[in-house]
Amino acid sequence: MKKFWLLALAGLLWPWSVQAAEVKLDAEIPAYTPVEGISGSLKSIGSDSMNNLMALWAEGFRRIYPNVTIEVEGKGSATAPPALIAGTADFGPMSREMKSGEIDEFEKKYGYKPLPLLTSIDVLAVYVHRDNPIAKLALPQVDAIFSQTRKLGHGGEIRTWGQLGLTGEWANQPISMYGRNSASGTYAFFKEHALGKGDYKNTVKEQPGSSSVVQGVASDKYAIGYSGIGYKTADVRAVPLAQDLNSTPVPAEPEFAYSGEYPMTRILLIYVNHKPGSALPPVKREFIRYIFSQQGQQDVLRDGYLPATGFMVRKTFDALGITSAQ
(Lines give C-alpha, C1' and ligand atoms only; values in the text may rest on other atoms or scores of the structure.)
Protein backbone atom coordinates (compact mmCIF):
# COMPACT_ATOMS: atom_id res chain seq x y z
CA MET A 1 0.00 0.00 0.00
CA LYS A 2 2.80 2.45 0.71
CA LYS A 3 3.76 2.25 -2.96
CA PHE A 4 0.46 3.85 -3.92
CA TRP A 5 1.17 6.81 -1.66
CA LEU A 6 4.60 7.23 -3.20
CA LEU A 7 3.00 7.23 -6.64
CA ALA A 8 0.42 9.72 -5.46
CA LEU A 9 3.04 12.12 -4.18
CA ALA A 10 4.92 11.77 -7.46
CA GLY A 11 1.77 12.82 -9.30
CA LEU A 12 1.29 9.50 -11.08
CA LEU A 13 -2.13 8.71 -9.65
CA TRP A 14 -3.59 12.07 -10.55
CA PRO A 15 -3.34 12.29 -14.35
CA TRP A 16 -5.69 15.21 -14.84
CA SER A 17 -6.00 18.69 -13.41
CA VAL A 18 -8.58 19.35 -10.71
CA GLN A 19 -10.11 22.78 -10.34
CA ALA A 20 -10.84 23.98 -6.80
CA ALA A 21 -14.18 22.64 -5.53
CA GLU A 22 -14.85 20.92 -8.88
CA VAL A 23 -14.08 17.26 -9.48
CA LYS A 24 -14.98 15.31 -12.59
CA LEU A 25 -14.80 11.58 -13.09
CA ASP A 26 -11.82 10.24 -15.00
CA ALA A 27 -12.97 9.43 -18.55
CA GLU A 28 -10.88 6.24 -18.41
CA ILE A 29 -13.26 4.73 -15.85
CA PRO A 30 -15.73 2.47 -17.71
CA ALA A 31 -19.51 2.77 -17.51
CA TYR A 32 -21.17 -0.23 -15.89
CA THR A 33 -22.82 -2.66 -18.30
CA PRO A 34 -25.20 -5.23 -16.74
CA VAL A 35 -24.85 -8.98 -17.31
CA GLU A 36 -27.43 -11.76 -17.18
CA GLY A 37 -28.18 -14.13 -14.33
CA ILE A 38 -26.84 -12.22 -11.30
CA SER A 39 -28.44 -13.12 -7.97
CA GLY A 40 -27.37 -14.00 -4.45
CA SER A 41 -26.37 -12.19 -1.27
CA LEU A 42 -23.43 -10.07 -0.13
CA LYS A 43 -22.38 -8.75 3.26
CA SER A 44 -20.12 -5.83 4.13
CA ILE A 45 -18.66 -5.35 7.63
CA GLY A 46 -16.27 -2.55 8.53
CA SER A 47 -15.74 1.20 8.42
CA ASP A 48 -18.31 3.65 9.75
CA SER A 49 -16.80 6.38 7.58
CA MET A 50 -17.67 4.29 4.52
CA ASN A 51 -21.09 3.21 5.75
CA ASN A 52 -23.07 5.70 3.65
CA LEU A 53 -20.89 4.99 0.64
CA MET A 54 -21.39 1.23 0.90
CA ALA A 55 -25.14 1.85 1.22
CA LEU A 56 -25.15 4.00 -1.93
CA TRP A 57 -23.27 1.32 -3.86
CA ALA A 58 -25.66 -1.34 -2.58
CA GLU A 59 -28.69 0.75 -3.53
CA GLY A 60 -27.38 1.42 -7.05
CA PHE A 61 -26.42 -2.22 -7.58
CA ARG A 62 -29.81 -3.51 -6.42
CA ARG A 63 -31.61 -1.22 -8.87
CA ILE A 64 -29.83 -3.20 -11.60
CA TYR A 65 -30.11 -6.60 -9.88
CA PRO A 66 -33.24 -6.68 -7.66
CA ASN A 67 -32.66 -10.37 -6.85
CA VAL A 68 -29.47 -9.53 -4.95
CA THR A 69 -29.56 -8.82 -1.22
CA ILE A 70 -26.78 -6.73 0.34
CA GLU A 71 -26.29 -6.21 4.07
CA VAL A 72 -24.10 -3.33 5.21
CA GLU A 73 -22.77 -3.11 8.78
CA GLY A 74 -20.49 -0.20 9.66
CA LYS A 75 -19.21 -0.20 13.24
CA GLY A 76 -15.57 0.63 12.57
CA SER A 77 -12.62 -0.47 10.47
CA ALA A 78 -11.35 -2.78 13.21
CA THR A 79 -14.39 -5.01 12.67
CA ALA A 80 -13.46 -5.76 9.04
CA PRO A 81 -10.41 -8.08 9.46
CA PRO A 82 -12.08 -10.50 11.94
CA ALA A 83 -15.17 -10.71 9.70
CA LEU A 84 -13.08 -11.50 6.62
CA ILE A 85 -11.04 -14.07 8.54
CA ALA A 86 -14.19 -15.74 9.90
CA GLY A 87 -15.83 -15.67 6.47
CA THR A 88 -18.85 -13.74 7.74
CA ALA A 89 -18.27 -10.84 5.32
CA ASP A 90 -17.62 -10.64 1.58
CA PHE A 91 -16.28 -7.09 1.82
CA GLY A 92 -14.28 -5.35 4.55
CA PRO A 93 -14.37 -1.56 4.02
CA MET A 94 -11.63 0.25 5.96
CA SER A 95 -10.61 3.89 6.27
CA ARG A 96 -7.09 2.80 7.18
CA GLU A 97 -4.71 0.11 6.01
CA MET A 98 -4.78 -3.25 7.74
CA LYS A 99 -2.19 -3.60 10.46
CA SER A 100 0.55 -6.18 10.02
CA GLY A 101 -0.95 -8.34 12.77
CA GLU A 102 -4.35 -8.35 11.07
CA ILE A 103 -2.76 -9.36 7.76
CA ASP A 104 -0.74 -12.10 9.49
CA GLU A 105 -3.88 -13.56 11.08
CA PHE A 106 -5.63 -13.66 7.72
CA GLU A 107 -2.63 -15.21 5.98
CA LYS A 108 -2.24 -17.79 8.74
CA LYS A 109 -5.73 -19.08 7.97
CA TYR A 110 -5.84 -18.80 4.18
CA GLY A 111 -2.22 -18.98 3.04
CA TYR A 112 -2.36 -15.66 1.16
CA LYS A 113 -2.88 -12.01 2.06
CA PRO A 114 -6.19 -10.11 1.90
CA LEU A 115 -6.47 -7.94 -1.22
CA PRO A 116 -7.01 -4.17 -0.75
CA LEU A 117 -9.16 -2.37 -3.34
CA LEU A 118 -8.50 1.39 -3.56
CA THR A 119 -12.03 2.71 -3.98
CA SER A 120 -11.85 6.47 -3.43
CA ILE A 121 -10.03 9.30 -1.66
CA ASP A 122 -10.98 11.05 1.57
CA VAL A 123 -9.79 14.25 3.17
CA LEU A 124 -9.69 13.89 6.95
CA ALA A 125 -10.64 17.35 8.15
CA VAL A 126 -10.19 19.13 11.46
CA TYR A 127 -13.50 20.86 12.13
CA VAL A 128 -14.42 23.86 14.27
CA HIS A 129 -17.75 25.61 14.79
CA ARG A 130 -18.72 27.84 11.87
CA ASP A 131 -18.36 30.96 14.07
CA ASN A 132 -14.81 30.10 15.14
CA PRO A 133 -12.35 32.62 13.59
CA ILE A 134 -9.26 30.37 13.70
CA ALA A 135 -7.55 30.75 10.31
CA LYS A 136 -5.12 27.80 10.33
CA LEU A 137 -3.52 25.09 12.43
CA ALA A 138 -0.21 23.25 12.20
CA LEU A 139 -0.15 19.53 12.97
CA PRO A 140 2.05 20.02 16.07
CA GLN A 141 -0.68 22.35 17.40
CA VAL A 142 -3.36 19.77 16.61
CA ASP A 143 -1.23 17.21 18.44
CA ALA A 144 -0.92 19.51 21.47
CA ILE A 145 -4.71 19.94 21.54
CA PHE A 146 -5.67 16.26 21.28
CA SER A 147 -2.67 14.38 22.66
CA GLN A 148 -1.16 14.01 26.11
CA THR A 149 2.19 12.89 24.70
CA ARG A 150 2.88 15.65 22.07
CA LYS A 151 5.02 13.44 19.84
CA LEU A 152 5.15 16.13 17.14
CA GLY A 153 7.23 18.36 19.39
CA HIS A 154 5.01 21.26 20.46
CA GLY A 155 6.43 22.92 23.54
CA GLY A 156 3.38 22.56 25.76
CA GLU A 157 -0.22 21.46 26.05
CA ILE A 158 -2.86 23.60 24.33
CA ARG A 159 -6.02 23.94 26.39
CA THR A 160 -7.61 27.26 25.41
CA TRP A 161 -8.35 29.08 22.17
CA GLY A 162 -6.28 32.00 23.41
CA GLN A 163 -3.16 29.82 23.22
CA LEU A 164 -3.81 29.62 19.48
CA GLY A 165 -3.98 33.41 19.16
CA LEU A 166 -7.72 34.05 19.47
CA THR A 167 -8.77 37.11 21.45
CA GLY A 168 -11.93 38.61 22.92
CA GLU A 169 -14.57 36.12 24.04
CA TRP A 170 -12.47 33.23 22.72
CA ALA A 171 -9.27 33.96 24.65
CA ASN A 172 -10.04 32.09 27.87
CA GLN A 173 -12.44 29.51 26.51
CA PRO A 174 -11.32 25.89 26.99
CA ILE A 175 -11.15 23.78 23.82
CA SER A 176 -13.76 21.03 23.78
CA MET A 177 -12.51 17.99 21.81
CA TYR A 178 -14.54 15.47 19.82
CA GLY A 179 -13.13 12.33 18.24
CA ARG A 180 -13.86 8.71 17.29
CA ASN A 181 -13.67 5.52 19.33
CA SER A 182 -10.77 3.10 19.13
CA ALA A 183 -12.56 0.68 16.75
CA SER A 184 -12.55 3.39 14.11
CA GLY A 185 -10.06 3.59 11.25
CA THR A 186 -10.42 7.36 11.47
CA TYR A 187 -9.26 7.20 15.11
CA ALA A 188 -6.21 5.16 14.05
CA PHE A 189 -5.38 7.35 11.04
CA PHE A 190 -5.60 10.56 13.10
CA LYS A 191 -3.53 8.99 15.87
CA GLU A 192 -0.78 8.13 13.38
CA HIS A 193 -0.74 11.28 11.25
CA ALA A 194 -1.85 14.05 13.63
CA LEU A 195 -0.56 12.69 16.95
CA GLY A 196 2.65 11.05 15.72
CA LYS A 197 1.33 7.74 17.10
CA GLY A 198 0.99 9.35 20.50
CA ASP A 199 -1.78 8.93 23.07
CA TYR A 200 -5.08 10.78 23.06
CA LYS A 201 -6.07 12.90 26.03
CA ASN A 202 -8.66 11.28 28.27
CA THR A 203 -10.85 14.37 27.82
CA VAL A 204 -11.52 13.73 24.11
CA LYS A 205 -15.24 12.97 23.75
CA GLU A 206 -15.27 9.71 21.81
CA GLN A 207 -18.16 9.36 19.37
CA PRO A 208 -19.58 6.18 17.80
CA GLY A 209 -19.75 7.63 14.28
CA SER A 210 -18.27 10.23 11.94
CA SER A 211 -21.48 12.23 11.76
CA SER A 212 -21.65 12.32 15.58
CA VAL A 213 -18.30 14.12 15.69
CA VAL A 214 -19.50 16.79 13.28
CA GLN A 215 -22.80 17.16 15.15
CA GLY A 216 -20.88 17.57 18.40
CA VAL A 217 -18.73 20.36 16.97
CA ALA A 218 -21.76 22.02 15.37
CA SER A 219 -23.58 22.16 18.72
CA ASP A 220 -20.57 23.26 20.80
CA LYS A 221 -19.23 26.70 19.88
CA TYR A 222 -15.81 26.15 21.44
CA ALA A 223 -15.29 22.63 20.09
CA ILE A 224 -12.86 21.01 17.69
CA GLY A 225 -13.11 17.56 16.11
CA TYR A 226 -11.89 15.39 13.24
CA SER A 227 -13.92 13.53 10.62
CA GLY A 228 -14.04 12.74 6.92
CA ILE A 229 -14.83 15.56 4.52
CA GLY A 230 -17.92 13.68 3.36
CA TYR A 231 -19.58 14.52 6.69
CA LYS A 232 -19.07 18.30 6.48
CA THR A 233 -22.17 20.43 7.12
CA ALA A 234 -22.93 24.14 6.94
CA ASP A 235 -22.59 24.38 10.74
CA VAL A 236 -18.87 23.54 10.83
CA ARG A 237 -15.72 24.70 9.09
CA ALA A 238 -12.68 22.70 7.99
CA VAL A 239 -9.49 24.46 9.14
CA PRO A 240 -6.54 24.65 6.69
CA LEU A 241 -3.65 22.53 8.00
CA ALA A 242 0.12 22.93 7.78
CA GLN A 243 2.63 20.13 8.21
CA ASP A 244 4.55 22.22 10.76
CA LEU A 245 4.69 25.77 12.09
CA ASN A 246 6.97 26.90 9.24
CA SER A 247 4.87 25.44 6.40
CA THR A 248 2.06 27.03 4.42
CA PRO A 249 -1.41 25.86 5.54
CA VAL A 250 -3.34 23.87 2.95
CA PRO A 251 -7.16 23.88 2.66
CA ALA A 252 -9.09 20.60 2.81
CA GLU A 253 -10.06 20.83 -0.86
CA PRO A 254 -9.97 18.31 -3.74
CA GLU A 255 -7.09 19.80 -5.72
CA PHE A 256 -4.78 19.55 -2.70
CA ALA A 257 -5.90 16.00 -1.91
CA TYR A 258 -5.11 14.79 -5.42
CA SER A 259 -1.78 16.61 -5.44
CA GLY A 260 -0.79 15.09 -2.09
CA GLU A 261 -0.26 18.54 -0.53
CA TYR A 262 -3.03 18.28 2.08
CA PRO A 263 -1.37 16.54 5.04
CA MET A 264 -4.27 14.24 5.97
CA THR A 265 -5.37 12.70 2.70
CA ARG A 266 -6.20 8.99 2.81
CA ILE A 267 -7.43 6.27 0.50
CA LEU A 268 -10.67 4.49 1.38
CA LEU A 269 -10.22 0.75 0.99
CA ILE A 270 -12.26 -2.39 0.66
CA TYR A 271 -10.46 -5.59 1.60
CA VAL A 272 -11.56 -8.86 0.02
CA ASN A 273 -10.65 -12.50 0.41
CA HIS A 274 -9.36 -13.39 -3.04
CA LYS A 275 -7.06 -16.31 -3.71
CA PRO A 276 -4.58 -15.26 -6.42
CA GLY A 277 -5.46 -16.75 -9.80
CA SER A 278 -8.97 -17.80 -8.77
CA ALA A 279 -12.25 -16.60 -10.29
CA LEU A 280 -14.58 -14.40 -8.26
CA PRO A 281 -18.19 -15.50 -7.70
CA PRO A 282 -20.30 -13.64 -10.30
CA VAL A 283 -22.29 -11.52 -7.83
CA LYS A 284 -19.12 -10.43 -6.03
CA ARG A 285 -17.34 -9.70 -9.31
CA GLU A 286 -20.22 -7.57 -10.59
CA PHE A 287 -20.49 -5.57 -7.38
CA ILE A 288 -16.80 -4.71 -7.65
CA ARG A 289 -17.30 -3.78 -11.31
CA TYR A 290 -20.13 -1.47 -10.23
CA ILE A 291 -18.03 0.22 -7.53
CA PHE A 292 -15.29 0.97 -10.06
CA SER A 293 -17.63 2.15 -12.81
CA GLN A 294 -18.78 5.63 -13.78
CA GLN A 295 -22.02 4.96 -11.87
CA GLY A 296 -20.26 3.71 -8.73
CA GLN A 297 -17.78 6.58 -8.70
CA GLN A 298 -20.63 9.03 -9.17
CA ASP A 299 -21.94 7.63 -5.86
CA VAL A 300 -18.54 8.57 -4.37
CA LEU A 301 -19.08 12.18 -5.44
CA ARG A 302 -22.63 12.13 -4.09
CA ASP A 303 -21.29 11.10 -0.68
CA GLY A 304 -18.77 13.94 -0.60
CA TYR A 305 -15.61 11.93 -1.22
CA LEU A 306 -13.20 12.05 -4.15
CA PRO A 307 -13.41 9.45 -6.93
CA ALA A 308 -10.82 6.89 -7.92
CA THR A 309 -8.68 7.46 -10.97
CA GLY A 310 -8.45 5.33 -14.10
CA PHE A 311 -5.07 4.14 -12.82
CA MET A 312 -6.64 2.85 -9.59
CA VAL A 313 -9.42 1.09 -11.52
CA ARG A 314 -6.98 -0.61 -13.89
CA LYS A 315 -4.83 -1.84 -10.99
CA THR A 316 -7.90 -3.23 -9.21
CA PHE A 317 -9.25 -5.06 -12.27
CA ASP A 318 -5.79 -6.45 -13.09
CA ALA A 319 -5.38 -7.81 -9.56
CA LEU A 320 -8.76 -9.56 -9.72
CA GLY A 321 -8.65 -10.71 -13.32
CA ILE A 322 -11.65 -8.56 -14.21
CA THR A 323 -12.26 -6.93 -17.56
CA SER A 324 -14.34 -3.75 -17.79
CA ALA A 325 -17.04 -5.70 -19.68
CA GLN A 326 -17.34 -9.30 -18.46
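1. A quick definition to start: buried here means under 20% relative accessible area. Keep in mind that this is a predicted model.

2. On to the aromatics. The structure holds 18 aromatic pairs. One of them joins Phe61 and Phe287, with 5.2 Å centre to centre and 80 degrees between the planes, which makes the pair edge-to-face. Phe61 sits in helix 2 (residues 51-64) and Phe287 in helix 9 (residues 282-291), so this contact ties together parts that are 226 residues apart in sequence.

3. Another pair worth a look is Tyr200 with Tyr226, which is stacked: 6.3 Å centre to centre, 25 degrees between the planes. Tyr200 belongs to the loop between helix 6 (185-193) and strand 7 (205-207), while Tyr226 is part of strand 8 (residues 223-228), so here the parts tied together are 26 residues apart in sequence. Tyr200 is buried at 7% relative accessibility, and Tyr226 is buried with a relative accessible area of 0%.

4. Last, a separate charge-over-ring contact: Arg266 lies over the face of Phe189, 5.7 Å from the ring centre.

Key: Residues numbered from 1 in each chain as written. Predicted model: local features only at pLDDT ≥ 70, side-chain atom pairs only at ≥ 80, totals over all residues. Heavy atoms only, no water. Phe/Tyr/Trp six-rings, centres within 6.5 Å; stacked < 30°, edge-to-face > 60°. Helix = DSSP H or I, 4+ residues; strand = E, 2+ residues; numbered from the N terminus. Buried < 20%, exposed > 50% of the residue type's maximum accessible area, 1.4 Å probe, protein only. Lys NZ or Arg CZ within 6 Å of the ring centre and 35° of its normal.
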